[in-house]
Amino acid sequence: MSWIHTGKTQAFNYTGLDKNMAQEHGIRLPAQYFVNKWQLTHQALLMLASLNDYDQQQVMKEIEYVTRYPSTTYSTKHSLNPFRRIYRTRYPFRCYHYLIEYRTAANGQVVIDDILFDQSLQGAKAGNAAAERTMLYQVKRKNLSNYTGPASQGDINSLQDAWDEGKPVHQVITEHAAVNGMQNDQRKAAWLMGAHAHAAYQSDGISAYTLFHNPSDGWKLDLAECVFDKASRSKSHNAQHLAAVLAQVQQQGKSVKWVVHSQGAIVFNAALLHYRRHYGGQLHQQQLTIHGSGANVSKLTQIANGLGIKIVAVRNNPFDVVPNIAGGNDLSASSLCRSIKFCGLVFGKDSEPGVSPHTLPYLGIETYKQQLLMFGQHKKADQVQKYINKHAGKVS
(Lines give C-alpha, C1' and ligand atoms only; values in the text may rest on other atoms or scores of the structure.)
Protein backbone atom coordinates (compact mmCIF):
# COMPACT_ATOMS: atom_id res chain seq x y z
CA MET A 1 0.00 0.00 0.00
CA SER A 2 1.06 3.60 -0.60
CA TRP A 3 0.34 6.07 2.19
CA ILE A 4 0.13 9.85 1.85
CA HIS A 5 0.05 12.75 4.29
CA THR A 6 0.78 16.47 4.39
CA GLY A 7 4.56 16.09 4.37
CA LYS A 8 7.12 15.94 7.15
CA THR A 9 6.78 19.05 9.30
CA GLN A 10 8.23 19.49 12.78
CA ALA A 11 7.77 15.78 13.33
CA PHE A 12 8.70 15.67 17.01
CA ASN A 13 7.34 19.00 18.24
CA TYR A 14 3.95 18.28 19.75
CA THR A 15 1.27 20.16 21.62
CA GLY A 16 -2.10 19.65 23.18
CA LEU A 17 -5.21 20.35 21.12
CA ASP A 18 -7.44 22.95 22.75
CA LYS A 19 -10.66 24.57 21.54
CA ASN A 20 -8.96 27.71 20.22
CA MET A 21 -6.46 25.72 18.18
CA ALA A 22 -9.21 23.46 16.88
CA GLN A 23 -11.29 26.44 15.80
CA GLU A 24 -8.27 28.03 14.13
CA HIS A 25 -7.71 24.87 12.07
CA GLY A 26 -11.37 24.14 11.32
CA ILE A 27 -11.59 21.04 13.52
CA ARG A 28 -14.88 20.22 15.28
CA LEU A 29 -13.95 18.58 18.56
CA PRO A 30 -16.11 15.80 20.06
CA ALA A 31 -18.71 16.95 22.59
CA GLN A 32 -16.97 15.25 25.54
CA TYR A 33 -13.47 16.46 24.65
CA PHE A 34 -11.31 17.82 27.46
CA VAL A 35 -8.78 20.59 26.87
CA ASN A 36 -5.39 19.31 25.67
CA LYS A 37 -6.54 15.71 26.05
CA TRP A 38 -4.72 14.71 22.87
CA GLN A 39 -1.10 15.42 22.08
CA LEU A 40 -0.37 15.84 18.36
CA THR A 41 2.66 16.82 16.35
CA HIS A 42 2.26 19.80 14.07
CA GLN A 43 2.39 17.36 11.16
CA ALA A 44 -0.51 15.27 12.49
CA LEU A 45 -2.48 18.44 13.26
CA LEU A 46 -2.09 19.70 9.68
CA MET A 47 -3.24 16.37 8.27
CA LEU A 48 -6.27 16.31 10.56
CA ALA A 49 -7.13 19.88 9.58
CA SER A 50 -6.90 19.05 5.86
CA LEU A 51 -9.70 16.46 6.10
CA ASN A 52 -13.37 17.25 5.73
CA ASP A 53 -15.52 17.07 8.84
CA TYR A 54 -16.68 13.49 8.29
CA ASP A 55 -13.15 12.11 7.92
CA GLN A 56 -12.03 14.21 10.88
CA GLN A 57 -14.71 12.70 13.09
CA GLN A 58 -13.83 9.14 12.03
CA VAL A 59 -10.11 9.66 12.63
CA MET A 60 -10.69 11.40 15.97
CA LYS A 61 -12.71 8.41 17.17
CA GLU A 62 -9.62 6.32 16.54
CA ILE A 63 -7.32 8.86 18.20
CA GLU A 64 -9.57 8.68 21.25
CA TYR A 65 -9.28 4.90 21.21
CA VAL A 66 -5.49 4.71 20.96
CA THR A 67 -4.97 7.35 23.66
CA ARG A 68 -7.12 5.25 25.99
CA TYR A 69 -5.66 1.91 24.91
CA PRO A 70 -2.15 2.55 23.56
CA SER A 71 -1.22 -1.13 23.76
CA THR A 72 -4.28 -2.28 21.81
CA THR A 73 -3.80 -5.48 19.85
CA TYR A 74 -5.17 -3.65 16.80
CA SER A 75 -1.89 -1.74 16.57
CA THR A 76 1.54 -3.01 15.54
CA LYS A 77 4.98 -1.93 16.71
CA HIS A 78 7.11 0.11 14.34
CA SER A 79 9.75 -2.11 12.74
CA LEU A 80 12.63 0.22 13.72
CA ASN A 81 11.33 1.76 16.93
CA PRO A 82 9.39 -0.48 19.35
CA PHE A 83 8.20 2.61 21.27
CA ARG A 84 6.26 3.76 18.20
CA ARG A 85 3.10 2.04 17.03
CA ILE A 86 0.99 2.05 13.90
CA TYR A 87 -2.78 1.70 14.13
CA ARG A 88 -5.24 1.02 11.29
CA THR A 89 -8.68 2.57 11.69
CA ARG A 90 -11.51 0.17 12.50
CA TYR A 91 -14.08 1.77 10.16
CA PRO A 92 -16.74 -0.80 9.15
CA PHE A 93 -16.02 -0.68 5.42
CA ARG A 94 -12.80 -2.02 3.98
CA CYS A 95 -12.37 1.00 1.72
CA TYR A 96 -11.67 3.44 4.53
CA HIS A 97 -8.06 3.13 5.65
CA TYR A 98 -6.17 5.66 7.70
CA LEU A 99 -3.03 4.80 9.60
CA ILE A 100 -2.27 6.56 12.85
CA GLU A 101 1.36 6.63 13.94
CA TYR A 102 1.76 7.24 17.67
CA ARG A 103 4.18 6.78 20.54
CA THR A 104 4.34 7.13 24.30
CA ALA A 105 6.37 10.15 25.40
CA ALA A 106 8.72 10.18 28.39
CA ASN A 107 5.98 11.67 30.60
CA GLY A 108 3.67 8.79 29.72
CA GLN A 109 1.44 10.75 27.36
CA VAL A 110 0.41 9.26 24.03
CA VAL A 111 1.53 11.45 21.13
CA ILE A 112 -0.01 11.21 17.65
CA ASP A 113 2.96 11.56 15.29
CA ASP A 114 1.23 11.29 11.92
CA ILE A 115 -2.01 10.48 10.13
CA LEU A 116 -1.74 8.80 6.72
CA PHE A 117 -4.29 7.81 4.10
CA ASP A 118 -3.99 4.76 1.87
CA GLN A 119 -3.34 6.25 -1.57
CA SER A 120 -4.13 2.96 -3.28
CA LEU A 121 -7.82 3.48 -2.51
CA GLN A 122 -7.98 6.57 -4.71
CA GLY A 123 -9.35 6.55 -8.23
CA ALA A 124 -11.04 3.94 -10.38
CA LYS A 125 -10.50 0.24 -9.73
CA ALA A 126 -10.86 -1.53 -13.07
CA GLY A 127 -13.17 -4.52 -12.75
CA ASN A 128 -13.61 -4.02 -9.01
CA ALA A 129 -15.78 -0.98 -8.32
CA ALA A 130 -16.52 -2.32 -4.84
CA ALA A 131 -12.91 -1.49 -3.93
CA GLU A 132 -13.57 2.22 -4.48
CA ARG A 133 -14.45 4.44 -1.54
CA THR A 134 -16.59 7.51 -0.97
CA MET A 135 -14.34 10.41 -1.92
CA LEU A 136 -14.28 13.86 -3.44
CA TYR A 137 -12.59 14.30 -6.81
CA GLN A 138 -11.84 17.45 -8.76
CA VAL A 139 -12.77 16.49 -12.32
CA LYS A 140 -11.45 18.65 -15.16
CA ARG A 141 -12.69 18.98 -18.71
CA LYS A 142 -10.51 17.47 -21.45
CA ASN A 143 -12.51 18.49 -24.53
CA LEU A 144 -15.62 20.51 -25.39
CA SER A 145 -17.98 17.57 -26.07
CA ASN A 146 -21.37 18.12 -24.41
CA TYR A 147 -24.75 16.46 -24.55
CA THR A 148 -26.93 19.18 -26.05
CA GLY A 149 -29.17 17.13 -28.35
CA PRO A 150 -29.58 13.72 -30.02
CA ALA A 151 -26.17 12.04 -30.06
CA SER A 152 -24.72 9.20 -32.10
CA GLN A 153 -22.60 6.47 -30.53
CA GLY A 154 -19.53 8.37 -31.65
CA ASP A 155 -20.81 11.51 -29.94
CA ILE A 156 -21.43 9.55 -26.73
CA ASN A 157 -17.94 8.08 -26.93
CA SER A 158 -16.63 11.65 -27.13
CA LEU A 159 -18.66 12.49 -24.04
CA GLN A 160 -16.90 9.68 -22.19
CA ASP A 161 -13.55 11.23 -23.11
CA ALA A 162 -14.62 14.80 -22.28
CA TRP A 163 -13.59 14.62 -18.61
CA ASP A 164 -10.59 13.21 -16.79
CA GLU A 165 -10.92 10.69 -13.96
CA GLY A 166 -10.41 13.35 -11.34
CA LYS A 167 -7.89 14.28 -8.68
CA PRO A 168 -8.73 13.30 -5.06
CA VAL A 169 -9.41 16.33 -2.86
CA HIS A 170 -10.52 16.74 0.76
CA GLN A 171 -13.08 19.50 0.11
CA VAL A 172 -15.16 21.11 -2.63
CA ILE A 173 -12.85 23.50 -4.47
CA THR A 174 -14.99 24.32 -7.53
CA GLU A 175 -18.17 26.29 -8.16
CA HIS A 176 -20.01 23.15 -9.28
CA ALA A 177 -20.39 19.76 -7.61
CA ALA A 178 -22.25 16.52 -8.33
CA VAL A 179 -23.40 13.29 -6.71
CA ASN A 180 -23.64 10.23 -8.98
CA GLY A 181 -26.19 7.43 -8.95
CA MET A 182 -25.96 3.70 -8.35
CA GLN A 183 -23.83 1.25 -10.32
CA ASN A 184 -21.38 3.94 -11.42
CA ASP A 185 -17.71 3.15 -11.04
CA GLN A 186 -15.50 6.16 -10.49
CA ARG A 187 -14.54 6.57 -14.16
CA LYS A 188 -18.13 6.41 -15.39
CA ALA A 189 -19.28 8.74 -12.62
CA ALA A 190 -16.65 11.31 -13.63
CA TRP A 191 -17.72 11.66 -17.28
CA LEU A 192 -21.44 11.09 -16.75
CA MET A 193 -21.77 13.66 -13.99
CA GLY A 194 -19.74 16.06 -16.10
CA ALA A 195 -22.45 15.72 -18.76
CA HIS A 196 -25.15 16.23 -16.14
CA ALA A 197 -23.38 19.25 -14.64
CA HIS A 198 -23.15 20.90 -18.06
CA ALA A 199 -26.82 20.19 -18.81
CA ALA A 200 -27.82 21.57 -15.41
CA TYR A 201 -25.81 24.80 -15.73
CA GLN A 202 -25.21 25.22 -19.46
CA SER A 203 -24.48 28.95 -19.39
CA ASP A 204 -21.69 28.58 -16.82
CA GLY A 205 -19.07 27.13 -19.16
CA ILE A 206 -17.94 24.53 -16.65
CA SER A 207 -14.26 23.63 -16.97
CA ALA A 208 -14.07 21.61 -13.73
CA TYR A 209 -16.38 20.32 -11.04
CA THR A 210 -16.12 18.38 -7.78
CA LEU A 211 -17.52 14.85 -7.82
CA PHE A 212 -18.81 13.40 -4.57
CA HIS A 213 -18.30 9.82 -5.63
CA ASN A 214 -21.03 7.48 -4.44
CA PRO A 215 -19.29 4.12 -5.02
CA SER A 216 -21.09 0.98 -6.12
CA ASP A 217 -21.10 -2.35 -4.30
CA GLY A 218 -23.27 -4.04 -6.95
CA TRP A 219 -26.94 -3.45 -7.64
CA LYS A 220 -28.22 -5.48 -4.68
CA LEU A 221 -26.21 -3.61 -2.05
CA ASP A 222 -26.75 -0.29 -3.84
CA LEU A 223 -30.50 -0.91 -3.73
CA ALA A 224 -30.30 -1.86 -0.05
CA GLU A 225 -28.48 1.40 0.63
CA CYS A 226 -31.23 3.32 -1.17
CA VAL A 227 -33.90 1.66 0.97
CA PHE A 228 -31.89 2.29 4.15
CA ASP A 229 -31.42 6.01 3.40
CA LYS A 230 -35.13 6.37 2.65
CA ALA A 231 -36.57 4.35 5.52
CA SER A 232 -34.14 4.62 8.42
CA ARG A 233 -33.80 7.52 10.82
CA SER A 234 -30.05 6.95 10.86
CA LYS A 235 -28.40 7.41 7.47
CA SER A 236 -25.72 5.64 5.45
CA HIS A 237 -22.07 6.60 5.81
CA ASN A 238 -22.35 8.01 2.29
CA ALA A 239 -25.07 10.43 3.42
CA GLN A 240 -23.24 11.30 6.64
CA HIS A 241 -20.09 12.04 4.63
CA LEU A 242 -22.00 14.30 2.23
CA ALA A 243 -23.67 16.11 5.15
CA ALA A 244 -20.20 16.89 6.50
CA VAL A 245 -19.13 18.19 3.10
CA LEU A 246 -22.20 20.46 2.97
CA ALA A 247 -21.42 21.74 6.46
CA GLN A 248 -17.83 22.47 5.50
CA VAL A 249 -18.87 24.28 2.32
CA GLN A 250 -21.28 26.45 4.27
CA GLN A 251 -18.73 27.16 7.01
CA GLN A 252 -16.25 28.29 4.38
CA GLY A 253 -18.83 30.63 2.84
CA LYS A 254 -18.68 28.97 -0.57
CA SER A 255 -21.49 29.12 -3.13
CA VAL A 256 -21.82 25.74 -4.82
CA LYS A 257 -24.14 24.62 -7.59
CA TRP A 258 -25.01 20.93 -7.11
CA VAL A 259 -26.48 18.43 -9.53
CA VAL A 260 -27.64 15.02 -8.31
CA HIS A 261 -28.61 12.04 -10.42
CA SER A 262 -30.61 8.91 -9.58
CA GLN A 263 -29.43 7.47 -6.24
CA GLY A 264 -27.46 10.69 -5.85
CA ALA A 265 -30.78 12.42 -5.12
CA ILE A 266 -31.50 9.85 -2.39
CA VAL A 267 -28.06 10.36 -0.86
CA PHE A 268 -28.47 14.15 -1.02
CA ASN A 269 -31.92 13.99 0.59
CA ALA A 270 -30.59 11.75 3.38
CA ALA A 271 -27.59 14.06 3.82
CA LEU A 272 -29.89 17.05 4.30
CA LEU A 273 -31.87 15.17 6.95
CA HIS A 274 -28.63 14.21 8.72
CA TYR A 275 -27.33 17.77 8.41
CA ARG A 276 -30.51 19.24 9.89
CA ARG A 277 -30.40 16.80 12.81
CA HIS A 278 -26.68 17.00 13.64
CA TYR A 279 -25.39 20.34 12.32
CA GLY A 280 -28.28 22.78 11.97
CA GLY A 281 -28.19 26.17 10.32
CA GLN A 282 -28.97 27.26 6.80
CA LEU A 283 -27.34 26.18 3.53
CA HIS A 284 -28.50 29.29 1.75
CA GLN A 285 -25.47 29.56 -0.54
CA GLN A 286 -26.17 26.19 -2.16
CA GLN A 287 -28.16 25.50 -5.34
CA LEU A 288 -29.50 22.16 -6.53
CA THR A 289 -30.59 20.62 -9.83
CA ILE A 290 -32.23 17.18 -9.73
CA HIS A 291 -31.92 14.68 -12.60
CA GLY A 292 -33.62 11.27 -12.86
CA SER A 293 -34.48 11.47 -9.19
CA GLY A 294 -34.49 8.30 -7.12
CA ALA A 295 -35.93 10.42 -4.31
CA ASN A 296 -39.38 11.95 -4.06
CA VAL A 297 -38.89 15.41 -5.52
CA SER A 298 -41.59 17.04 -3.36
CA LYS A 299 -39.99 15.79 -0.16
CA LEU A 300 -36.48 16.68 -1.32
CA THR A 301 -37.62 20.15 -2.38
CA GLN A 302 -39.35 20.71 0.94
CA ILE A 303 -36.32 19.91 3.06
CA ALA A 304 -33.96 21.74 0.68
CA ASN A 305 -36.10 24.89 0.79
CA GLY A 306 -36.32 24.61 4.57
CA LEU A 307 -32.52 24.76 4.70
CA GLY A 308 -32.37 27.66 2.25
CA ILE A 309 -31.20 25.69 -0.79
CA LYS A 310 -32.47 26.99 -4.11
CA ILE A 311 -33.89 24.32 -6.44
CA VAL A 312 -32.84 25.37 -9.94
CA ALA A 313 -34.55 22.67 -12.02
CA VAL A 314 -35.90 19.12 -12.02
CA ARG A 315 -35.34 16.93 -15.09
CA ASN A 316 -37.22 13.62 -15.00
CA ASN A 317 -38.01 11.70 -18.19
CA PRO A 318 -41.69 10.58 -18.11
CA PHE A 319 -40.56 7.16 -19.43
CA ASP A 320 -37.97 6.67 -16.67
CA VAL A 321 -38.87 4.03 -14.08
CA VAL A 322 -36.43 5.47 -11.52
CA PRO A 323 -38.14 8.81 -10.77
CA ASN A 324 -41.62 7.57 -11.65
CA ILE A 325 -41.77 4.41 -9.54
CA ALA A 326 -38.63 4.13 -7.39
CA GLY A 327 -38.81 7.82 -6.50
CA GLY A 328 -42.59 7.75 -6.14
CA ASN A 329 -42.95 10.87 -8.28
CA ASP A 330 -45.67 9.53 -10.61
CA LEU A 331 -47.49 6.41 -9.49
CA SER A 332 -50.38 6.75 -11.93
CA ALA A 333 -51.48 3.76 -14.02
CA SER A 334 -50.20 5.41 -17.22
CA SER A 335 -46.82 6.11 -15.61
CA LEU A 336 -46.55 2.52 -14.43
CA CYS A 337 -47.34 1.28 -17.95
CA ARG A 338 -44.75 3.58 -19.55
CA SER A 339 -42.13 2.67 -17.00
CA ILE A 340 -42.60 -1.06 -17.51
CA LYS A 341 -42.40 -0.76 -21.30
CA PHE A 342 -39.12 1.19 -21.11
CA CYS A 343 -37.65 -0.59 -18.11
CA GLY A 344 -35.51 -2.81 -20.34
CA LEU A 345 -33.76 0.29 -21.72
CA VAL A 346 -32.76 1.23 -18.16
CA PHE A 347 -31.75 -2.12 -16.63
CA GLY A 348 -32.04 -4.82 -19.30
CA LYS A 349 -29.81 -6.22 -22.01
CA ASP A 350 -30.78 -3.35 -24.33
CA SER A 351 -29.72 -0.69 -21.83
CA GLU A 352 -27.08 1.75 -23.00
CA PRO A 353 -26.68 5.51 -22.58
CA GLY A 354 -27.90 6.26 -26.11
CA VAL A 355 -31.40 4.82 -25.57
CA SER A 356 -31.90 4.81 -21.82
CA PRO A 357 -34.47 7.33 -20.53
CA HIS A 358 -32.39 7.52 -17.36
CA THR A 359 -28.64 7.67 -18.00
CA LEU A 360 -28.00 10.85 -20.01
CA PRO A 361 -29.49 14.22 -18.98
CA TYR A 362 -33.15 14.63 -19.96
CA LEU A 363 -33.33 17.51 -22.44
CA GLY A 364 -37.03 17.25 -23.31
CA ILE A 365 -39.39 14.68 -24.75
CA GLU A 366 -38.79 15.63 -28.39
CA THR A 367 -35.05 15.28 -27.89
CA TYR A 368 -35.56 11.86 -26.33
CA LYS A 369 -37.67 10.73 -29.27
CA GLN A 370 -34.97 11.81 -31.72
CA GLN A 371 -32.38 10.08 -29.55
CA LEU A 372 -34.29 6.79 -29.88
CA LEU A 373 -34.55 7.23 -33.65
CA MET A 374 -30.80 7.88 -33.80
CA PHE A 375 -30.27 4.35 -32.43
CA GLY A 376 -32.95 2.68 -34.55
CA GLN A 377 -35.48 2.29 -31.74
CA HIS A 378 -38.44 3.14 -33.98
CA LYS A 379 -41.12 1.32 -31.98
CA LYS A 380 -40.06 3.03 -28.79
CA ALA A 381 -39.95 6.37 -30.61
CA ASP A 382 -43.52 5.78 -31.82
CA GLN A 383 -44.64 5.23 -28.22
CA VAL A 384 -42.96 8.48 -27.23
CA GLN A 385 -44.72 10.24 -30.13
CA LYS A 386 -48.09 8.97 -28.88
CA TYR A 387 -47.27 10.44 -25.48
CA ILE A 388 -46.35 13.75 -27.16
CA ASN A 389 -49.61 13.78 -29.10
CA LYS A 390 -51.65 13.03 -25.98
CA HIS A 391 -49.92 15.72 -23.95
CA ALA A 392 -49.52 18.31 -26.70
CA GLY A 393 -48.78 21.69 -25.18
CA LYS A 394 -48.24 20.19 -21.72
CA VAL A 395 -44.75 18.75 -22.02
CA SER A 396 -41.37 20.09 -23.08
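This is a predicted model: local features need pLDDT of at least 70, side-chain atom pairs count only at pLDDT 80 or more; totals for chains, interfaces and linings use all residues.
Reader: Where should I start with a sheet, and what holds its strands together?

Author: Strands of a sheet pair through backbone hydrogen bonds, in either a parallel or an antiparallel way. Here, 7 strands make an open sheet with mixed pairing, and their order is β9-β8-β11-β10-β12-β13-β14.

Reader: Which strands are the edge strands?

Author: They are β9 (167-169) and β14 (310-315), each pairing on one side only. On average, neighbouring strands of this sheet are turned by 25° against each other, ignoring direction.

Reader: In what sense do β8 and β9 pair?

Author: Strand β8 (residues 135-140) pairs with β9 in the antiparallel sense, over 3 bridges.

Reader: Which strands does helix α5 touch?

Author: Helix α5 (residues 186-200) packs on the sheet and touches β8, β10 (176-179), β11 (208-213), β12 (256-261), β13 (286-291) and β14. Its direction makes about 125° with that of β11. Helix α8 (residues 263-278) packs on the sheet too, touching β10, β11, β12 and β13.

Reader: Now a helix by itself. Which residues of α11 are buried?

Author: First, the general idea: an α-helix has 3.6 residues a turn, so residues three or four places apart point the same way. In α11, the buried residues are S335, R338, S339, F342, L345 and V346. These buried residues pack against α10 (321-326), α12 (365-374) and α13 (378-390).

Reader: Where is the kink in α11 centred?

Author: On I340, with a bend of about 35°. At 1.5 Å a residue, the 14 residues of α11 (residues 333-346) should span 20 Å, and the end C-alpha atoms are 19 Å apart, which agrees.

Notes: Residues are numbered from 1 along each chain as its sequence is written. Side-chain values use heavy atoms; hydrogens and water are left out. Two strands pair if DSSP finds at least two bridges between them. Helices (H or I, at least four residues) and strands (E, at least two) are DSSP runs, numbered from the N terminus. Axes are lines fitted to C-alpha atoms, for helices over the stretch in contact, and angles run from 0 to 180 degrees between N-to-C directions. Contact means heavy atoms within 4.5 Å. The expected span of a helix is 1.5 Å times one less than its number of residues. The bend at a residue is the angle between axes fitted to the seven residues ending there and the seven starting there. Buried means under 20% relative accessible area, exposed over 50%, partly exposed in between (1.4 Å probe, protein chains only).
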